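Trainee: I have a model open and want to learn to read its features. Can you walk me through it?

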Amino acid sequence: MKLLVLLTPCLMAIVLVAMAPALAQNRIYRCGNEYTNQVKGRKDCKLVEGGNITVIGGAAPVQRAANRPASAPRVDTPEQRARDADAKAILEQELRRAEARQAELLKDYNNGEPDKIGGEARNYQKYLDRVEEMKAAIARNQSDIDGIKRELTRFNR
């Protein structure tokens, strides 16, 4: 027991001596956009005070050939044209469907004054909530139409 009491302070002293370099911080300088602990004769360096600095390096840019995943198989030109034509036909069909839906929504909306249904004559807030839902549906559908048109312009290049 006496041996343990005598060894404990000695062990703590050894641990503190071993950790001293880790606890001591070198002076850090900012030279432009670079942080360093060695000035190396530069005159644009300023001493940084007030705390630790963490510098995270940027990632290297990823380069892919023609935005095509490495695992994608190559397709011959006639087959790709057929796929593009099918995709374009589907998009045109979706555009017609979305435009028809937009016309129906606008007709029901009636320039912001749709017909009252159910208990909306007695509960005006219910009517206002439905009008707001209709406006949101019209905006979402218009956004869908715009997106489909953007996709179609990619095929017309």
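Predicted model: local features only at pLDDT ≥ 70, side-chain atom pairs only at ≥ 80, totals over all residues.

Trainee: Is Ala 98 buried or exposed?

Mentor: Buried means under 20% relative accessible area, exposed over 50%, partly exposed in between (1.4 Å probe, protein chains only). Ala 98 has 9% relative accessibility, so it counts as buried. Ala 98 sits in helix α2, residues 77-109. Helices are DSSP runs (H or I, at least four residues), numbered from the N terminus.

Trainee: Which residues does Ala 98 touch?

Mentor: Contact means heavy atoms within 4.5 Å. Leaving aside residues up to four places away in sequence, Ala 98 touches Asn 141, Ile 145 and Ile 148.

Trainee: Which residues make up the largest nonpolar core?

Mentor: In soluble globular proteins, nonpolar side chains tend to be buried together. A nonpolar core is a set of buried Ala, Val, Leu, Ile, Met, Phe, Trp, Tyr and Cys residues joined through side-chain atoms within 4.5 Å. Here the largest has seven: Leu 105, Tyr 109, Tyr 127, Val 131, Met 134, Ala 137 and Ile 138. Its largest share, five residues, comes from α3. A second, separate core of six residues includes Ala 98 and Ile 148.

Trainee: What is the phi of Asn 110?

Mentor: Most residues other than glycine have a negative phi. Asn 110 has a positive phi of about 55°. Asn 110 lies in the loop between α2 and α3, and is partly exposed at 40% relative accessible area.

Terms used. Residues numbered from 1 in each chain as written. Heavy atoms only, no water. Helix = DSSP H or I, 4+ residues; strand = E, 2+ residues; numbered from the N terminus.
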